[in-house]
Amino acid sequence: MKTILTASCIIVCISLCSFINAPKAKWISLFDGKTLNGWKVGKNASSFSVDSGHIVVKGPTAHLFYDGPVENHVFKNFEFKAEVMTQPGANSGIYFHTAFQEAGWPAKGYEVQVNNSQSDWRRTGSLYGIQDVKEVYVKDREWYTEYIKVEGKHIIIKVNDKTVVDYTEPEVLQRSKGQEERRISSGTFALQAHDPNSIIYYRNIKVRPLP
């Protein structure tokens, strides 16, 4: 009996160690730094361009959707991060669990705010209209990292490693008319060109799929 019990304990320990030491999925780049290959935009496509290794967002309202091969551009649980720099008065956003639209504000998914000094009081890191951030944690004209993690119903947003949003979507969800698709589901990412007066730069855009 003691021999059998010892053998069982060894098997459990080996399995536990294998789980603890199992390698995490690697970060995967969604932007090659040279082109917009793997990305798709409808109306006002000129609002997005590439220069010096980053995506330049400047122009009338438009949205640039990831449409590439990673996970067949359908993500559910994931970690996402991008380096961002805003010019004064700029407004933008990072959508997740969204879907391509030719024009208009994306109806599907959540938006994570990019805004350090524009007139909209919802600041960088806000889960827009759901859990908003009033504080300004980063400055215009400086690169910072915006991080999003979605696991089940749980959303974490960080700005330069500081957690600014920790939100769990309720099981029974009620959204106002026109906001019905602001919910956890699955989908792609999108970058927002908000208005012609907003200039924003994105680089090192990466994702790490989670189980």
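## Basis of the model

The structure is a predicted model, in which local features need pLDDT of at least 70 and side-chain atom pairs count only at pLDDT 80 or more, while totals for chains, interfaces and linings use all residues. Residues are numbered from 1 along each chain as its sequence is written, and side-chain values use heavy atoms, with hydrogens and water left out.

## Overall architecture

The chain holds one helix and 13 strands, helices being DSSP runs of H or I with at least four residues and strands being runs of E with at least two, numbered from the N terminus. Read from the N terminus on, the order of elements is α-β-β-β-β-β-β-β-β-β-β-β-β-β.

Of the 211 residues in the chain, 42% are buried. The accessible surface of the chain comes to about 11,200 Å², and 54% of it belongs to carbon and sulfur atoms; such areas come from the Shrake-Rupley method with a 1.4 Å probe, and for residues only the protein chains shown count as cover. Among contacts in the chain with a separation of 6 or more, 66% are between residues 24 or more positions apart, a contact being heavy atoms within 4.5 Å.

Not counting residues up to four places away in sequence, Phe-96 touches a group of residues including Phe-78, Tyr-110, Val-112, Leu-127, Ile-148, Val-150, Ile-155 and Thr-188.

Thr-188 is found in strand S12 and is buried, with a relative accessible area of 4%. Leaving aside neighbours within four places in sequence, the contacts of Thr-188 include Phe-65, Tyr-66, His-73, Phe-75, Tyr-95, Phe-96 and His-97. Thr-188 and Val-74 are 114 residues apart in sequence, yet their C-alpha atoms are 5.3 Å apart in space.

Thr-145 has its place in strand S9, which covers residues 144-151. With residues up to four places away in sequence not counted, Thr-145 touches Lys-81, Ala-82, Glu-83, Lys-158, Val-159 and Asn-160. Thr-145 and Arg-203 are 58 residues apart in sequence and 9.6 Å apart in space, C-alpha to C-alpha.

Ser-198 is in the loop between strand S12 (188-193) and strand S13 (199-209), and this loop residue is buried, with a relative accessible area of 1%. Not counting residues up to four places away in sequence, Ser-198 touches Val-57, Lys-58, Gly-59, Gly-89, Ala-90 and Asn-91. One of these residues, Gly-59, is 139 residues from Ser-198 in sequence and 7.3 Å from Ser-198 in space, C-alpha to C-alpha.

## Positive phi values

His-97, in strand S7 (residues 92-98), has a phi near 55°, a positive value in a residue other than glycine, and is buried, with a relative accessible area of 0%. Asn-204, which lies in strand S13, also is not a glycine and has a positive phi of about 45°; at 39% relative accessibility, Asn-204 counts as partly exposed.

The largest pocket has a volume of about 270 Å³. Of the 14 residues that line this pocket, Tyr-95, Glu-111, Tyr-128, Gln-179 and Arg-182 are the closest to its centre. A pocket is an open set of points on a 1 Å grid over the protein atoms alone, where a 1.4 Å probe fits, with protein on both sides within 12 Å along at least five of seven lines, and lining residues have an atom within 4 Å of a point. Grid points are joined across faces, edges and corners, and a volume is the space filled by probe spheres set on the points. Strand S8 (residues 110-114) gives the largest share of the lining of the largest pocket, three residues. By class, this lining has five nonpolar, six polar and three charged residues, with Ala, Val, Leu, Ile, Met, Phe, Trp, Tyr, Cys and Pro counted as nonpolar, Asp, Glu, Lys and Arg as charged, and the others, Gly among them, as polar.

The second largest pocket holds about 170 Å³ of space and is lined by Lys-24, Ala-25, Glu-79, Lys-149, Glu-151, Arg-208, Leu-210 and Pro-211. Its lining has three nonpolar, no polar and five charged residues.

Methods
Buried < 20%, exposed > 50% of the residue type's maximum accessible area, 1.4 Å probe, protein only.
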